[in-house]
Amino acid sequence: MHYRNFLAFVHDIAAAALAWFVAYWLRFNMEVPASYVDGMLKMLVLVVLLQAAMFWKFGLYRGMWRYASVSDLQRILFAVGLSALILAVLVFMAGWQDLVPRSVLMLDPLLLVLAMGGSRFAYRAWKEHRLYGGMQLRGEPVLVLGAGDAAVSLLKETGRSEEWRVVGLLDDDPAKLGRVVDGVRVVGRLDEVAHWAAGLQVKHAIVALPAATARTRRRVVKAAARAGLTVLTVPSFDDLLSGKVTVSQVRRVELDDLLGRDPVTLDSAGLRELLAGKTVMVTGAGGSIGAELCRQISRFEPRRLIFFELNEFALYRLEQEFLERFPAIPIVCAIGDVKDSTRVGQLLSMHKPTVLFHAAAYKHVPLMENENAWQAVLNNVLGTYRIATAAVAAGVEKFVLVSTDKAVNPTNVMGASKRLAELLCQMLQKTSPTQFVLVRFGNVLGSAGSVVPKFREQIARGGPVTVTHPEITRYFMLIPEAAQLVLQAGLMGRGGEIFVLDMGESVKIVDLARDLIRLSGLTEDDIKIVFTGLRAGEKLYEELLADDEHTLPTPHLKLRIAQAKPVAPEHLEDILAWLSRPDPVSDEEVRRRLRDWLPEYTDGPAAANSLASITRV
């Protein structure tokens, strides 16, 4: 036994003896009659031995007094309670009632719990004051937004830190207002953050609401940011439950926290049946969605995961990530182009995947609009067709096409090319056993080529932040959420459906820019926002459904099925013949042919919708 544990054992034996004497002393109003003194002394040895045995049995000497907790108090209660019960049984069975009054049998355990528990918690309080008491006068003053369990844990952690000094709590629960939590008062409501920040002279706020709805967190973060505070947050509730992080690991609030997206509910059992023990292939595996699909698929333990990617560096990075994070998942890293029918056919005939997720695409709208229109059509349409036909030949059971909201009433070549890819998959569905499932969604926050990384770079350079139009809006979702819903749609699809993801509410791009500026600790006086005019192929509003389409509900709240208008089969044959021509095609010719095949496709100069000149706000 460690000497500290031995000292604790000696302390508890002494406490047991003392509690026994004090119980008699209190019972007889501080004057123990001589007739009871002899019985008191005779029973002392039995009582102490019995209680010492219970202390040892219940493991009271495995922990450290410095970290005494409620669980330690519970063990003390069980040990003392059981020994008191055994003692009472012995006294009445042996007929020792004349030696031990019944009130002593009740007073002794109460006094002993008080002595043992009190000494442990007193030692912990003394030790923590000695170690951390001085820190309470140091550290950056901070407001904690929330007064629940996460806030209590955060207060305990910050009490041991020199970095933060919590000066107040805010919470909307009326029952908590004015209360004191671990020495810190709940001073007001969450929407009073600006008032209390000024009154308590703080520059930082920590949001401790991991279980709150995304809408509530967004409201709270925006209020703190408007007050000029640097806003931090504790990890999400899911991460805390999983044990990945602790509540003390505060971090800067990101746009992900403000997006207002609630967690996705997955049919884990169904996905495990679809993916576990199967060979799964992902095209465009090095991209934002492709890579996240690979990560999500790995949770369901596929037999083999095939990464198909044209970008060598992106494929290398994904390979290194999986070797480190998912070493048990067998992977195949295949370089290649989806338009290369020989390479595609070789891979599919060799590995014979059961499920294939096709995420490879050219998707940057302005870049594909001019100079690259023909390449966009070749990659997005011909590439999809070639890998889809190879999938049918190889016996792939399910083919999931990652599409886009820009395929709805397209105004650009990229969106029109994805709509044609959808139509080709639906055509193949009519004649093949492979189930083709199509999934449309909008922008993902932070993906390669999206506005958020661009805004961050512009803010880091000191501005200005460039937005094309003050009214331009987009639907956004998080990358993991998009990948999870693609998997869920792939599970639910039976062939030929176009699944539309619930993108929530559209967001003004200029509001995203303002949020990022505030979250960087700056104001719009520090970083200007400049409107530059709509770019080629860009429209103010994105749609998830075409005007002449209807949707059907599904069992999943975030997924609906679009009933799209088909294209005449002869048009599809014309499309394939056109894509097979060996010579390049001009941008104008590409757009003309797209108009012929897709009546809903409209193109025109974006300059008509742009601002006449650069505007500053």
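Predicted model: local features only at pLDDT ≥ 70, side-chain atom pairs only at ≥ 80, totals over all residues.
Trainee: How is H11 oriented relative to H18?

Mentor: Helix H11, residues 288-298, packs with helix H18, residues 479-492, at an angle of about 65 degrees, and their axes are 9 Å apart. Angles of 65 to 115 degrees count as roughly perpendicular. H11 is therefore described, relative to H18, as roughly perpendicular.

Trainee: Which residues of H18 does H11 meet, and how many residues of the contact of H11 with H18 are nonpolar?

Mentor: From H11 come Ser288, Ile289, Glu292, Leu293, Gln296 and Ile297, and the residues they meet in H18 are Ile479, Pro480, Ala482, Ala483, Gln484, Val486 and Leu487. Sorted by class, the contact of H11 with H18 has one charged and three polar residues, and the number of nonpolar residues is nine.

Trainee: Is the crossing of H11 and H18 left-handed or right-handed?

Mentor: Handedness is a separate point from the angle of about 65 degrees at which H11 and H18 pack. The crossing of these two helices, H11 and H18, is right-handed.

Trainee: Which residues of H16 and H21 make the contact, and how many of them are charged?

Mentor: H16 passes H21 in a left-handed crossing. The contact is made by Val413, Ala416 and Leu420 of H16, together with Val590, Arg591, Leu594 and Trp597 of H21. By class, the contact of H16 with H21 has six nonpolar and no polar residues, and the number of charged residues is one.

Methods: Residues numbered from 1 in each chain as written. Heavy atoms only, no water. Axes fitted to C-alpha atoms, helices over the stretch in contact; angles between N-to-C directions. Helix = DSSP H or I, 4+ residues; strand = E, 2+ residues; numbered from the N terminus. Parallel < 35°, antiparallel > 145°, perpendicular 65-115°, else oblique. Left-handed = near helix turned anticlockwise from the far one by under 90°. Contact = heavy atoms within 4.5 Å. Nonpolar A, V, L, I, M, F, W, Y, C, P; charged D, E, K, R; others polar.
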